[in-house]
Amino acid sequence: METAHAAAAPLGARERRDIVSGEVMDEARLIRFVPGPGGVVTPDLARKLPGRGLWVAADRKSLDAAAQRNQFSRAAKAKLVVPPDLSGLVTALLKKRLLAGLGLARRAGDLTSGFEKVSAAISSGRCAWMIEAADGAEDGRRKLLNLARRQSSPPRLFGAANAEELGLALGLENVIHTAFLAGRAAERWGSDVLRFSGFSPLVPESWCEEPSAADGTHVAPRAAYE
């Protein structure tokens, strides 16, 4: 069972240069920043803010290096102010964006919730993402994981939000099991998951110690997108 491997990049994606490594890569693998008011380095996750973009690979190590080595000021050729714990800020903003994306997907009919509905989506091959509450009971999750592993194209797994966070995002109560149905919306959401995976595990570490993971098919959280 994959946690999130090989999500499709957006169609028509462009390439940009990472200011830390100098590597040119797809925008889907980068975070855009712009100089904000007072020269403060400002994350632009939607890539819409005005100003010259400063692009950094979407992982904590690269962003910390950019902050510590004064890479933002060098790239902008102007003195910029880096907020404290910029990586922490980006992590929180990415998670907020992911949860907001789930809310939009539910309103568009691209999500289904509840054990039976998720089970049906997995069995029919329509489930692109299996979204499990981080604090949900092991039993139901294990049953769905076992079902998912039997599919020719198993859904990817996301477990970085708890039941309360999912409930607030979806406008529902007691959200434990959710399926993001395959389609363009799931691909776009997956691009944000790709970036988030560079800053935070996609599933709790404890899940990898569950009996369902003993055969190695439920991979470790950090293996996402490698």
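## Packing of H4 against H5

In this predicted model, the crossing of helices H4 and H5 is right-handed. Their axes approach to within 9 Å and cross at roughly 15 degrees. Because angles under 35 degrees count as roughly parallel, H4 is classed as roughly parallel to H5.

From H4, the residues that make the contact are Phe115, Val118, Ser119, Ile122 and Ser123; from H5, they are Gly140, Lys143, Leu144, Leu147 and Ala148. Sorted by class, the contact of H4 with H5 comprises six nonpolar, three polar and one charged residues.

## The two sides of H4

Helix H4 spans residues 115–123, and within it Val118, Ser119, Ala121 and Ile122 are buried. These four residues lie on the same side of H4, because they cover an arc of only 160 degrees around the axis. On the other side of H4, Glu116 and Lys117 are exposed.

Which elements cover the buried residues of H4? The cover includes strand E6 (111–113), strand E7 (127–132), helix H5 (138–149) and strand E9 (177–181). Just after H4, Gly125 adopts a positive phi of about 80 degrees.

## Thr112 in strand E6

Strand E6, which is part of the cover over the buried residues of H4, contains Thr112. Is Thr112 buried or exposed? Its relative accessibility is 18%, and since buried means under 20%, Thr112 counts as buried.

With neighbours within four places in sequence left aside, Thr112 is in contact with Lys117, Val118, Ala121, His177, Thr178, Ala179 and Leu181.

## Packing of H1 against H3

For helix H1 (residues 60–68) and helix H3 (residues 86–107), the axes come within 9 Å and cross at roughly 135 degrees. H1 is therefore oblique to H3, and the crossing of H1 and H3 is right-handed.

On the H1 side, the contact is made by Arg60, Leu63 and Asp64, and on the H3 side by Leu86, Ser87, Gly88, Val90 and Thr91. By class, the contact of H1 with H3 has three nonpolar, three polar and two charged residues.

Most residues other than glycine have a negative phi. Arg47, which is not a glycine, has a positive phi near 60 degrees. Arg47 is located in the loop between strand E4 (41–43) and strand E5 (54–57). Because its relative accessibility is 29%, Arg47 counts as partly exposed.

Where is Asn70 found? Asn70 occupies the loop between H1 and helix H2 (71–76). Asn70 likewise is not a glycine and has a positive phi, of about 60 degrees. With a relative accessibility of 39%, Asn70 counts as partly exposed.

Definitions and conventions
Residues numbered from 1 in each chain as written. Predicted model: local features only at pLDDT ≥ 70, side-chain atom pairs only at ≥ 80, totals over all residues. Heavy atoms only, no water. Axes fitted to C-alpha atoms, helices over the stretch in contact; angles between N-to-C directions. Parallel < 35°, antiparallel > 145°, perpendicular 65-115°, else oblique. Left-handed = near helix turned anticlockwise from the far one by under 90°. Contact = heavy atoms within 4.5 Å. Nonpolar A, V, L, I, M, F, W, Y, C, P; charged D, E, K, R; others polar. Buried < 20%, exposed > 50% of the residue type's maximum accessible area, 1.4 Å probe, protein only. Arc of directions from axis to C-beta.
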